[in-house]
Amino acid sequence: MEIDKAIRESDDIRLKTKYNNAIYVIQRALALYSVEEVAFSFNGGKDSTVLLHLLRAGYHLHKSGKNLSTEDSELTFPIRTIYFETQSTFHEINSFTYETASIYKLWMDISRLDFKSGLETLLKANPIRAIFLGVRIGDPTAVGQEQFSPSSPGWPPFMRVNPILDWSYRDIWAFLLTCKVQYCSLYDQGYTSIGSIHDTVPNALLCDSEEKYKPAYMLSDGRLERAGRVKKLTSQPLSAVSNGLNHDYSHSKSMFTASVIAVGDEILSGTIEDQIGFILCRKLHSISWSVSHIAVTRNDIDSIADEVERRKSTNDMVFIYGGVGPLPSDVTVAGVSKAFGVRMAPDEEFEEYLRHLIGERCTGDRNEMAQLPEGITELVHHEKLSVPLIKCKNVIILTAASVAELENEWDCFIDLMKSNGVLLTTEPLISKKLATTLPDVEIAQPLSEICRQFPDLYIGTYRKSRGGSIIITFEGNDKTRIGAAAEALCKKFHPEALSETE
């Protein structure tokens, strides 16, 4: 068959892998259900066009049990094809759909009802048990779906079969161009994701200096595929690429709280000294965030999940670092996913970043480096970051492996928070330190009185060594209050008992 032949002769190893995996899903479905029990939902878009040709190849390979010759391409395609036609459908989509049905002799069921009502009517009249869908990770309806997923509660019962669930925008166009199959003409006019005539415009990123639109396959960054979808106005400013931060944090609070989690067996064994946690605590402290907890955990999914689950509900934000990458011990992202009770799934946007950074080495049968917690992940973009920060609700996954890398990630993080107004109420802390050689028992009671007198300040003590001086720290946002507290404590002792120190 021409599709199978084109893929086999291609030099695109990634495309071959995607194709083989999709064909396996199709053949598996055809082994589980008879042809009379399956259907294919076609909408004229690029994804369903790819799926149509995968189904043609998969069905004929299933029937023959081997690669087919060119002559076999004329075999019929008996899988029932469902098309939902509405008044808001583009004329070009309708024309392409009917033309495609004629060329490939599709067995068409045309419904002018909404999707759910149309399926209910169709399934009542026909013994359909499974429907092939062109759903991909990143689509609004893809959350929680697997390659085989039962229909949602409240819908007519059937098995959703998703052969291209893990395909990216690049994969779709690689297939269409490699196999040289016809697709809807709107994609040559700058449309990259087609919905209805009311919510779809050409993608502005494909508009050239002469205000002409380039074809959809020339969009270099697949994560911007849906930039041509018109969005309804909301209270938040919109942009083509969200930086992933929002106003989740109450401005009525005087101080935010954070937990810091380091992941690394090498830290626990004493093989290396963790400097990142120390610097991160200092950075958080400098913007008036209170670090409530710092922990080091093993490179183990369950250990990471337990720690994250405990901290995410009691802190405004959790910072976790270490164990991020392609190695067997790099399980931090999976641990975060488990803490939120969601699955890991390929993230097309993140995969595009990795592909631009390190090429095809980030891909494979499972695209493991591009798998992120599904449905809760936002990528935090900054021009100085080669790879965006990963934000899962209130958990920030840092990729820094050195202090210098942390400095860069932190500066970018702060820039993004400031641009979103999150830091408007968090003024930098003012501090003052006093040192004394007085015995602990002599200073304890007077210091307790000062703490009660100035409850709005943080007043703490520490020693650098057991025989060294006691350092008393006064911190807050009011310089006058800090000065008054320090002066009040000094007055309780002889003039030279306490001295200011750095």
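1. Let's start with helices α3 and α6. Helix α3 covers residues 46–64 and helix α6 covers residues 169–179; their axes come within 10 Å and cross at roughly 55 degrees. Here an axis is a line fitted to C-alpha atoms over the stretch in contact, and angles between N-to-C directions run from 0 to 180 degrees. The two helices are therefore oblique to each other (under 35 degrees is roughly parallel, over 145 roughly antiparallel, 65 to 115 roughly perpendicular, and the rest oblique). Helices (H or I, at least four residues) and strands (E, at least two) are DSSP runs, numbered from the N terminus.

2. A word on the model itself. This is a predicted model, in which local features need pLDDT of at least 70 and side-chain atom pairs count only at pLDDT 80 or more, while totals for chains, interfaces and linings use all residues. Residues are numbered from 1 along each chain as its sequence is written, and side-chain values use heavy atoms, without hydrogens and water.

3. Which residues in α3 and α6 meet? From α3 come K46, D47, T49, V50, H53 and L54, and from α6 come Y169, I172, W173, F175 and L176 (contact means heavy atoms within 4.5 Å). By class, this contact has seven nonpolar, two polar and two charged residues. Ala, Val, Leu, Ile, Met, Phe, Trp, Tyr, Cys and Pro count as nonpolar, Asp, Glu, Lys and Arg as charged, and the others, Gly among them, as polar.

4. Helix α6 also packs with α1 (residues 2–9), at an angle of about 110 degrees and with the axes 9 Å apart. That makes α1 roughly perpendicular to α6. I3, A6 and I7 in α1 meet F175, T178 and C179 in α6. This contact has five nonpolar, one polar and no charged residues.

5. Now for two cysteines. C179 counts as buried because its relative accessibility is 10%, and C392 counts as buried at 0% (buried is under 20% relative accessible area, exposed over 50%, partly exposed in between, with a 1.4 Å probe and protein chains only). The structure holds zero disulfides, a disulfide being a pair of cysteine sulfur atoms within 2.5 Å.

6. Helix α11 (residues 348–358) has E348, F350, E351, E352, Y353, L354 and R355 as its buried residues. They pack against α2 (13–32), α6, β10 (344–346), β11 (371–373), β12 (377–380) and β13 (389–392).

7. Finally, the whole chain. It has 14 helices and 18 strands, and buried residues make up 50% of its 502 residues.
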